[in-house]
Amino acid sequence: MYAHRKVNVYKNMNISLCIVTYNNENTIERVLDSIFEFSGNSSLRVFISDNASSDNTVEKVRHKFPQVNVVCNKENKGFGFGHNSVIGLLDSDYHFIVNPDIILTNDILGEMAEYLDNNPDVVMAVPKFFFENGNEQFTPKLRPKLRFMIGGRLERYGGIFKKWRDEYTMRNAEPDSPVDVGFCSGCFIAVRTEIFKKIGGFDERYFLYNEDADITRMAQKYGRTVYAPQFHVTHLWERAYMKNIKYFFIQISSMIKYFYKWRSDGKYVGDCND
């Protein structure tokens, strides 16, 4: 009986999904294959927002996935800009923000859309993330603080740095049921399309990094932002800022923008007590 109801609910939901690409010809086929293999929703609209790739990303998508809507941006203005490029094209109830290094292993789109449908006070949600080897991946869940930024960079040295990183990712809390958080990781976000449009999408002043913490904070003005560990995806996470000095400085720039923007704002759910 429950399975029959679930199928009907999925079919009645309008779901959209956007992936921003930049030279992702080596990963985009795999994520799109997984989306179309496991999606149980015939009304799903998938968008690729390409930030002026110089490789064959666009050509590969158009050739193998003609059902995908491709938006070609003339230049690379960042992650948030890419996702915002499709806002005017969305007519869905629920929208998914997905990285090109995500792999679906189940119908998480329909399941998370149903979760939002059944919980009208939740405006944004993220699942549990796993590495491809099956180990859990611990991403930020509390609002950014300077010590958390330092901990993320230096956690390999252990001690206080690992403690800060573990606190940031709620690693020791190990929630096994939905919990309110202050940071929804942008690698995979389910959001009410109405709210995504109302807040104007991402703040495009962030080229990369912290735009997901920022949009979480904006979304909290309209409802709850939740970590829902009953859902899960695989994330082929590389943490580029740890390997490339260019991305490290981009992260520092975004951190400064974030702290300056929210310097006088009151606290919302997901804050960490000092």
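Student: Before anything else, what does buried mean here?
Tutor: Buried means under 20% relative accessible area, and exposed means over 50%. Anything in between is partly exposed. Keep in mind that this is a predicted model.

Student: OK. How much of the chain is buried?
Tutor: Buried residues make up 53% of the 274 residues. The accessible surface comes to about 12800 Å². Carbon and sulfur atoms account for 51% of that surface.

Student: How many helices and strands are there?
Tutor: The chain has ten helices and ten strands.

Student: And how many contacts join residues at least 24 apart?
Tutor: The figure is 80%, counted among contacts between residues at least 6 apart in sequence.

Student: Let's pick a strand. Why is β10 called largely enclosed?
Tutor: Strand β10 covers residues 224–235, and nine of its twelve residues are buried, so the rest of the structure largely encloses it.

Student: Which strands pair with it, and in what sense?
Tutor: Strand β6, residues 122–130, runs parallel to β10 and is joined to it by seven bridges. Strand β5, residues 102–103, pairs with β10 in the antiparallel sense over two bridges. Strand β8, residues 179–180, is also antiparallel to β10, with two bridges.

Student: Switching to helices. Which residues of α3 are buried?
Tutor: Helix α3 spans residues 57–64, and its buried residues are Thr57, Val58 and Val61. Seen down the helix axis, these buried residues fall within an arc of 95°, so they line one face of α3.

Student: What does that face pack against?
Tutor: The buried residues of α3 pack against strands β1 (15–21), β2 (45–51) and β3 (69–73), and against helix α2 (28–38).

Student: Asn73 is in β3. Is its side chain buried or exposed, going by the residue's area?
Tutor: Asn73 is buried, because its relative accessible area of 11% is under the 20% cut-off.

Student: What polar partner does its side chain have?
Tutor: The side chain of Asn73 makes a polar contact with the side chain of Ser49, at 2.9 Å. Beyond its neighbours within four places in sequence, Asn73 is in contact with several residues, including Asp50, Phe81 and Ser85.

Student: What about Ser54, buried or exposed?
Tutor: Ser54 is exposed, with a relative accessible area of 65%. Ser54 lies in the loop between β2 and α3. Ser54 and Asn24 are 30 residues apart in sequence, and their C-alpha atoms are 9.7 Å apart.

Student: Last topic, rings. How many aromatic pairs are there?
Tutor: A search of the whole structure finds six. One of them is Phe36 with Phe65, which is stacked, at 6.0 Å centre to centre and 20° between the planes. That pair links distant parts of the chain: Phe36 sits in helix α2, and Phe65 in the loop between α3 and β3.

Student: How covered are those two?
Tutor: Phe36 is partly exposed at 30% relative accessible area. Phe65 is buried at 4%.

Student: Why is the Tyr258 and Phe259 pair edge-to-face?
Tutor: Their ring planes are at 70° and the centres are 5.6 Å apart, so the pair is edge-to-face. Tyr258 is buried at 1% relative accessibility, whereas Phe259 is partly exposed at 28%.

Student: Which rings form a cluster?
Tutor: Ring pairs link Phe79, Phe196 and Phe202 into a cluster.

Technical notes: Residues are numbered from 1 along each chain as its sequence is written. Side-chain values use heavy atoms; hydrogens and water are left out. Buried means under 20% relative accessible area, exposed over 50%, partly exposed in between (1.4 Å probe, protein chains only). Helices (H or I, at least four residues) and strands (E, at least two) are DSSP runs, numbered from the N terminus. Two strands pair if DSSP finds at least two bridges between them. The arc is that of the directions from the helix axis to the C-beta atoms. Contact means heavy atoms within 4.5 Å. Accessible areas come from the Shrake-Rupley method with a 1.4 Å probe; for residues, only the protein chains shown count as cover. A polar contact is a pair of N or O atoms within 3.5 Å; within protein, one must be able to donate a hydrogen and the other to accept it, and residues adjacent in sequence count only if both atoms are side-chain atoms. Rings of Phe, Tyr and Trp (its six-membered ring) pair if their centres lie within 6.5 Å; planes under 30 degrees apart count as stacked, over 60 as edge-to-face and the rest as tilted.
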